[in-house]
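These are my notebook entries on a structure that I looked through element by element. The entries follow the order in which I looked things up.

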Amino acid sequence: MTRRRFEELVSDALDTLPPDLTAAMDNVVVLVEDRHDSDPELLGLYEGVALTERTSNYGGVLPDRITIYQDAILDICDDEDDVVHEIAVTVVHEVAHHFGIDEETLEELGWG
């Protein structure tokens, strides 16, 4: 799958998020990279300060980053339908971290 097609699928996944949720996202960028350097099986990663942890001192910082790892997702998928599903789950998972939802809660909710 080309990078362009994969990025389109990531964009499509973001478009499926509820509008109120996307409107609440603040100072965050979503990127696609091949693979995480130290954890090559990682599907996605949120790096930043979750909205629930930001204080009045938060400001003047680079955007938080949500990175979706194309090669890791493609490794575990058999076809494009699988890719669409894995991207959707990964995007929701990482966006949830932006909103301060931890791994344990995501597991309980079925988004682990």
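**Loop residue Pro63**

I located Pro63 in the loop between strand 2 (44-47) and strand 3 (64-69); helices (H or I, at least four residues) and strands (E, at least two) are DSSP runs numbered from the N terminus. The model is predicted, so I note that local features need pLDDT of at least 70, side-chain atom pairs count only at pLDDT 80 or more, and totals for chains, interfaces and linings use all residues. Residues are numbered from 1 along each chain as its sequence is written, and side-chain values use heavy atoms, with hydrogens and water left out.

I looked up the accessibility of Pro63: at 40% relative accessibility, Pro63 counts as partly exposed (buried is under 20% relative accessible area, exposed over 50%, partly exposed in between; 1.4 Å probe, protein chains only). Leaving aside residues up to four places away in sequence, I found Pro63 touching Asn27, Val28 and Val29 (contact: heavy atoms within 4.5 Å).

I recorded an open sheet of three strands in the order 1-3-2, with mixed pairing (two strands pair if DSSP finds at least two bridges between them). Its edge strands are strand 1 (28-33) and strand 2, each pairing on one side only. Strand 1 and strand 3 run parallel and are joined by six bridges. I noted Tyr69 of strand 3 as the bridge partner of Glu33.

**Helix 4**

I listed the buried residues of helix 4, among them Val83, Ile87 and His93. Just after helix 4, I found Gly100 with a positive phi of about 90 degrees.
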